[in-house]
Structures are given as structure tokens and as C-alpha cells.
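Please look at the sequence and the 3D structure shown here before reading on. The report then walks through helices, cores, surface and a few residue pairs.

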Amino acid sequence: MLETSAGLGQLMTIMIMAVALGLDAFSLGVGIGMKGIRLLHILKISLLIGLFHVLMPLLGMFMGYYVSSLLGQVAALVAGGLLVLLGGHMVLNSFKTSETRMVDHRSLLGMLLFSLSVSIDSFSVGVSLGMFESNRILTVLAFGICGGVMAVLGLLLGRRVSRNLGEYGEALGGAILLAFGLAFIF
């Protein structure tokens, strides 16, 4: 009986962490969705985020023993820096009249950068979890599913809001990403 309650407690802890990490993908997905996004790109980005939410904590779990004290601050700075660059780029692009863009959220590089930026915090969570006995498969699957589903919801919400904002949607979405990036750094 005691083992069952311990297992249930561990499951609840994993689910709470998965939802918390997924909320990051949700809120940042709203910013990208405001830029205007097609359903196919929502699917691609969400699948990539789900994949990164599986791979990053798994890598973190394996590295947890070695770099646990150093990584927390570094991960937040890298994630913040990526979001500041992506958000600043979106804000600048919203004011450009030409169609030349350096990084597009629909390109492979743009999707990878966005997926990495919302998933890097799951790496540091994985480092912490790597120091404890936990069910790795259950943990990374919960993180991946929650990250992907929350990204879909955020991107769809942002897409819906962007229709009402017109051309200012990209600037607002970039400002949201920029704000989250600065919050990660400071």
C-alpha cells in the first residue's frame, strides 16, 4: 500500500512538472501564433516541441550527475538569449516592408530555434531528475505529450487572436517572446 501511494505521488509530481513545462510552450506559442501561422506549421512546430520536450530532459537526466550545480543558470541564460533574438527579430520584421526575412518560424531553422528555446528549461529539470530515481520513460513521455499539446493550444490561440490584430500581431507576438526572453535572463 505504501509503495502504491509513493508511485502515485511520483506520477502526480511528474504530471505537475510536465504541465508547468508545457505552459512555457503554450505562452510562447501564443506569441508565434500571433504572427500568423498555417495549421500545417502548427503541427510541425508542435511535433518538434514535443520531440524536444522528450530529448532535452532525457539528455539532462543523463548529465544530471555531472553538471547539476552549474547548469541551472546557464540554461536560463541560453533560453533567454534565444527568445530575445527570436522576439527582437520578429519585432524588427514586423516593421519591414520588404519580404526578405532572416529567420522565419516556418523554416526548419526557425522551428528548431523556437523548439529549443521553449524546451531548454526541460533540460535543467532533467538534470535535477537525473539525481533521483524516477521512471525515465514515463517522465519524458509526459513532458513530450504535454509540451506538444500545450504548444498546439498556444499556437491556435495566437492564430485566432492575430486575425483581430492585423499587421500588429507580429510585433505583439515578438514583444511577448522578447519579454519572456528578458524574464529568463533577469
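The text below starts with the basis of the model and then moves from the whole chain to single residues.

This is a predicted model, in which local features need pLDDT of at least 70 and side-chain atom pairs count only at pLDDT 80 or more, while totals for chains, interfaces and linings use all residues. Residues are numbered from 1 along each chain as its sequence is written, and side-chain values use heavy atoms, with hydrogens and water left out.

**The whole chain**

The protein chain holds five helices and zero strands, and its pattern along the sequence reads α-α-α-α-α. Here helices (H or I, at least four residues) and strands (E, at least two) are DSSP runs, numbered from the N terminus. Of the 186 residues in the protein chain, 43% are buried, where buried means under 20% relative accessible area, exposed over 50%, and partly exposed in between (1.4 Å probe, protein chains only). If we take contacts (heavy atoms within 4.5 Å) in the protein chain between residues at least 6 apart in sequence, 93% of them join residues at least 24 apart. The accessible surface of the protein chain is about 10,000 Å², and carbon and sulfur atoms account for 73% of it; such areas come from the Shrake-Rupley method with a 1.4 Å probe, and for residues only the protein chains shown count as cover.

**Annotated spans**

An unreviewed UniProt entry carries the annotation "transmembrane region" for several spans, including residues 12-33 and 137-156. UniProt positions are given in the numbering used here, feature names are shortened, and annotations may be inferred rather than shown by experiment. In the model, residues 12-33 are 100% helix and 0% strand, with end C-alpha atoms 30 Å apart. Residues 137-156 are 100% helix and 0% strand, and their end C-alpha atoms lie 28 Å apart.

**Nonpolar cores**

A nonpolar core is a set of buried Ala, Val, Leu, Ile, Met, Phe, Trp, Tyr and Cys residues joined through side-chain atoms within 4.5 Å. The largest nonpolar core has 17 residues, and those touching the most other members are Ile-32, Ile-37, Ile-45, Ile-49, Phe-114, Val-118 and Leu-155. At least two residues of this core come from each of H1, helix H2 (39-95), helix H3 (108-130) and helix H4 (136-165), and H2 gives the most, with six residues. Another core, of nine residues, lies apart from it and has Met-61, Ala-142, Phe-143 and Cys-146 among them.

Ile-37 lies in the loop between H1 and H2, and Ile-37 counts as buried because its relative accessibility is 6%.

**A nonpolar surface patch**

Leu-8, Leu-11, Met-12, Met-15 and Leu-138 make a nonpolar surface patch of about 410 Å². Helix H1 (residues 2-34) gives the most to the nonpolar patch, with four residues. Leu-8 is found in helix H1 and counts as exposed because its relative accessibility is 52%.

**Pairs that are apart in sequence**

| Pair | Separation along the chain | C-alpha separation |
|---|---|---|
| Ile-37 and Arg-106 | 69 residues | 8.1 Å |
| Arg-160 and Val-30 | 130 residues | 9.4 Å |
| Leu-51 and Leu-141 | 90 residues | 9.3 Å |

Arg-160 has its place in helix H4 and, at 59% relative accessibility, counts as exposed. Leu-51, in helix H2, is partly exposed, with a relative accessible area of 44%.

Methods:
Patch = residues over 30% accessible without salt bridge, like charges linked within 9 Å, V, L, I, M, F, W, Y side chains within 5 Å. Salt bridge = Lys/Arg side-chain N within 4 Å of Asp/Glu carboxyl O.
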